[in-house]
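Biologist: I'm new to this one. Can you put it up and walk me through it?
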Amino acid sequence: MGKKLAPWARLALGVVRVQKVLSRLALTNKRIGRTLQLSLLLTKALVAQSNTNPAAALAKRLAGPGPRRNSNNTNSGQYRAITHNRPPPSPSTKPSAAGILPVLQLVTPYIDLTLTPWICSLFLPSFAHAMASYSYSTSSSDISTPRSTSPSSSIGRSSQSSISTSNKRMSISSSRRISAANPMSSVDISTIEEAMRMANLDTLRGYAQNHFGEVRQYATTEYISENQALGYQILNEPMWNKGLSFTPEQRVSKNLTGLIPHVLEDADKQCERALKMIRSRQTGIDKYLYLSSIKGQNVDLFYRLLVDHAKELMPLVYTPTIGDVCLQYSTLYTRPEALYISIKQRRSIRTILKNWPYPNPEICVVTDGSRILGLGDLGVNGVGIPIGKLALYTAAAGIHPEKTLPIVLDCGTANETNLKDPLYLGLRQKRIPVAEQQEFMDEFMEAAAEVYPNMVVQFEDFESEKAFNYLDRYRNKYKSFNDDIQGTGAVVLGGYIGAVNLSGVPIEEQRLVFMGAGSAGVGVAKQLVEFYTKRGLSEQAAKDKFWLVDTKGLVTKDRGDKLAEHKKYFARTDNNGHQFRSLEEVIEYVKPTALVGLTATFGVFTESVVRALKASVDAGGLGRRPILFPLSNPLTKAECTFEQAVTWTDGTVIFASGSPFSSFTVKNGDHAITYHPNQGNNVYVFPGIGLGAILAKASRVTDNMIYTSAAALAGSLNAEEIHKGLIYPRIERVREASIIVAREVMKAARRDGVSQLPEEQWVEWEEWGDPALDKFIKERIYNPTL
């Protein structure tokens, strides 16, 4: 067997073994912090020593600082006095207690010596008891060690002998060895440091997770009115600040003289300056941040920019830029713009709602961050979605910014990147079970209805199962709707109505394949079913026009897997036992006239898929055009690009996407054709639905109100847009479209008996018609002025 390893070699092996164990330790282990800290200190100590000549350094420490003394010296006497009741070291293979002393001396400068017995028990458990008998101080030169020619002095010689032969006996594996030149070469300090950092992030470790306190506030926040505000009270409130547009009289009466530059500018000049700065930024995120800074200083300027330059700026405020913003929200955060309600504060929801500084909000967008766009569970970082969405409610429909309320419900997150991010702003815990999330949501809805009884609640970016569950659970009890399900369905239906008219394919021959069977996909398909039932088809006949495809292939009743509840409505039963596993197989089987994508997977509509769609449409006769809707957001998740769609269909495609694409020009000699894409952006319907529900004082949002919004959108195009072959209005006309949608939604609320407006008001409108109702709407919408 040979001689045993030297103490430092045993310690090195011990560190390696412990490092392997540490990499598998759970963060909830009570001893991980202590273990990681000691392991790191020991590792650093040995690496520091081994950077020179470890054998010589250890031999020098074993020999002591002075000449060797005889057996009569004081130290050896002290040694004998301390250990006189102990048997001499056994000549067994176990290392002796004295043998570990040089190792302790080696690491003493780097550790707290009060932990030494525990270190010994960690690496050499058999020495925990023996080491308790040794006296030592915080100075390495004061450690009591044997320096005589007594039997114990042979430790030094045996240690040196072990060092000389260690290379032959310390093989850990055929590919990794601890050499005498550097015994710690295989130890990765960064791994240990990373584990320690993660352990320190787990601030909830060891605490009960099912006890919730209630916040009791003993003071009421007092806000001054705009009429009372003076000086910086005005400039620091973004709702009141007019920048350089304050008149000379206002500057005097509001004590603003000298607080702003001595120049008077109108709205156009302020917008010109802001646009110059926005356009000088190189990335979407930088442009978003600059816009956000304007919003935090001058709300009227922000919305004047957004209304007048919708095509350029809306993609920065919402999709596609908002996806990147959400991914980095915890890093980009500078100021609060929403209510952040944690599951830890579930008993204080009413208090939190009352803390919102603007009284009586009329529209709320709430998310739990569990399915943000196509980016997955982002936790609290998903709050960027309600913030951006409500900016569009104001810009597109004119709901006053003081009447909007963004909220994020923090139930934890399943996103490991967030959990490991030291800057993450949400709860650093796994997402709680669905049943608890349901209870939390029940409590939120009840509190919101009590504190703000006139507020419409829009659900946004919840996981598919929860999205359908919450919609069904609350739709008849509270003023609420889900934009992912109902809004997306309405905007696609609005575009589909126009697309069917342009396609040349009769309604009875239309067949639709949906790639994506989540909440958005099923919600859209259900809206389109209603389109067919309103044209005389039975519900079953309408449903038979739809084939839904998910990651496992065509959704069928006999596929063999457990279908999610929301998929069962469209599960096919006419497949005769055959399963179609790919989109190409489904297209070959169905011969569709329309293909809709809601997969959040870039490029899933390949050239072969799109050409197969065109071939199936062409087979029906001349003059027919395929309908292709790659609707996933942001652009990086789109199923195909506009240019690809035009190229692969030879320019015949009727195209609509979720995020904006640029026009595409095809040159053919001296002749050029420019193709214009359509954007099936929910901004065409959800602002109008919200505005209509608010102004009608609807007690709930009905399915008929949602369907009516789609039909109103389809009827909002002007002659120029129809001539260009568009199926949606130009984004610059989104306010005009929203007023039309809101008007029709109000009329639908009246027909459904959910409008709580006075009867005489409706009698007047029914006498004078749309002009009177349009006038009523326009008088109540926000128009930013400076």
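Biologist: What does the accessible surface of the protein come to?
Modeller: About 35800 Å². Carbon and sulfur atoms hold 52% of that surface. Keep in mind that this is a predicted model.

Biologist: How much of the protein counts as buried?
Modeller: The protein has 786 residues, and 54% of them count as buried.

Biologist: How many helices and strands does the protein have?
Modeller: There are 34 helices and 14 strands.

Biologist: And the contacts? What share comes from residues 24 or more positions apart?
Modeller: Among contacts with a separation of 6 or more, that share is 72%.

Biologist: Let's look at the strands. What is the order in the open sheet of 5 strands?
Modeller: The order is β1-β3-β2-β4-β5, and the pairing is parallel. The edges are β1 (339–342) and β5 (480–482), which each pair on one side only. From one strand to the next, the twist averages 25°.

Biologist: Zoom in on β4. How many bridges does β4 share with β2?
Modeller: Strand β4 (residues 456–459) pairs with β2 (residues 363–367) over 4 bridges, in the parallel sense. Ile 363 stands opposite Val 456 of β4. Val 365 has Gln 458 of β4 as its bridge partner.

Biologist: And how many bridges join β4 and β5?
Modeller: That parallel pairing runs over 3 bridges. Here Gln 458 has Phe 481 in β5 as its bridge partner.

Biologist: Are the faces of β4 covered or open?
Modeller: Both faces are covered. Val 456 and Gln 458 sit on one side, Val 457 and Phe 459 on the other, and all are buried.

Biologist: Which strands does helix α29 lie across?
Modeller: Helix α29 (residues 686–695) lies across β2, β4 and β5. The helix runs at about 155° to β4.

Biologist: On to the inside. How many residues are in the largest nonpolar core?
Modeller: The largest nonpolar core has 159 residues. Leu 353 and Phe 444 have the most contacts inside that core. Helix α23 gives the largest share, 9 residues.

Biologist: Switching to charges. How many salt bridges does the structure hold?
Modeller: The structure holds 50 salt bridges. One of them joins the side chains of Asp 483 and Lys 389, at 2.5 Å from N to O.

Biologist: How far apart in the chain are those two?
Modeller: They are 94 residues apart, so to speak distant parts of the chain. Asp 483 is in helix α23 (residues 483–503), and Lys 389 is in helix α19 (residues 384–397). Asp 483 and Lys 389 are both buried.

Biologist: What about Glu 721 and Arg 730?
Modeller: Their side chains meet in a salt bridge too, at 3.8 Å from N to O.

Biologist: Why does Glu 721 count as buried?
Modeller: Because its relative accessible area is 1%, and buried means under 20%. Arg 730 counts as partly exposed because its relative accessibility is 30%, between the 20% and 50% limits.

Biologist: Which residues does the network of salt bridges with shared partners join?
Modeller: Asp 368, Asp 377, Arg 431, Glu 463 and Lys 466 form one network.

Biologist: Last stop, Asp 774. Where does Asp 774 lie?
Modeller: Asp 774 lies in helix α34 (residues 770–778). Asp 774 counts as buried because its relative accessible area is 17%, and the cut-off is under 20%.

Biologist: What does Asp 774 touch?
Modeller: Not counting residues up to four places away in sequence, Asp 774 touches Ile 739 and Arg 743. Arg 743 also meets Glu 744 in a salt bridge between their side chains, 3.0 Å from N to O. Both Arg 743 and Glu 744 are buried.

Terms used. Residues numbered from 1 in each chain as written. Predicted model: local features only at pLDDT ≥ 70, side-chain atom pairs only at ≥ 80, totals over all residues. Heavy atoms only, no water. Buried < 20%, exposed > 50% of the residue type's maximum accessible area, 1.4 Å probe, protein only. Contact = heavy atoms within 4.5 Å. Salt bridge = Lys/Arg side-chain N within 4 Å of Asp/Glu carboxyl O. Areas by Shrake-Rupley, 256 points an atom, 1.4 Å probe, with all protein chains shown as cover. Pairing = 2+ DSSP bridges. Axes fitted to C-alpha atoms, helices over the stretch in contact; angles between N-to-C directions. Core = buried A, V, L, I, M, F, W, Y, C linked by side-chain atoms within 4.5 Å.
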